Amino acid sequence: GEFLQELTTDPPALIVAQPDSSAGLPFFGLGEDNICASCDPEQQQKMLEFKSYVESNYELTTSIWDWYVYERVH
């Protein structure tokens with residue numbers, strides 16, 4: 001909740017994500033069933049909220065190697 005609140009208060013111009021994170025971070029660009037398969041239900045719900053926020057406010061503009069760059073549109 002705090003993370004999304006900070007994003008809405010001061011949204012970054014770009015969000016950069018890596019589908020296969022070397023740090024093991026879940027990727028919000030996956031479908032609902034796969035977004036965070038190893039997460040508990042609460043964590044999975046938070047990931048879905050983040051996914052919804054990104055989809056509503058950002059657009060995938062480019063990819064650089066295995067990094068995806070989302071640019072704020074709203």
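What follows covers a pair of helices and then a pocket.

Keep in mind that this is a predicted model, where local features need pLDDT of at least 70, side-chain atom pairs count only at pLDDT 80 or more, and totals for chains, interfaces and linings use all residues. Residues are numbered from 1 along each chain as its sequence is written, and side-chain values use heavy atoms, with hydrogens and water left out.

Start with helix 1 (residues 2-9) and helix 2 (residues 41-57), which pack at an angle of about 10° with axes 10 Å apart. Helices here are DSSP runs of H or I with at least four residues, and strands are E runs of at least two. The axes are lines fitted to C-alpha atoms over the stretch in contact, with angles from 0 to 180 degrees between N-to-C directions. Helix 1 and helix 2 are therefore roughly parallel (angles under 35 degrees). On the helix 1 side, Phe3, Leu4, Leu7 and Thr8 make the contact, meeting Glu49, Phe50 and Tyr53 of helix 2 (contact means heavy atoms within 4.5 Å).

Now for the lining of the largest pocket: strand 1 (14-17) and helix 2 each supply at least two residues. Strand 1 gives the largest share, 3 residues. By class, the lining has 11 nonpolar, 2 polar and no charged residues (Ala, Val, Leu, Ile, Met, Phe, Trp, Tyr, Cys and Pro count as nonpolar, Asp, Glu, Lys and Arg as charged, the others as polar).

Note on methods: Angles under 35 degrees count as roughly parallel, over 145 as roughly antiparallel, 65 to 115 as roughly perpendicular and the rest as oblique.
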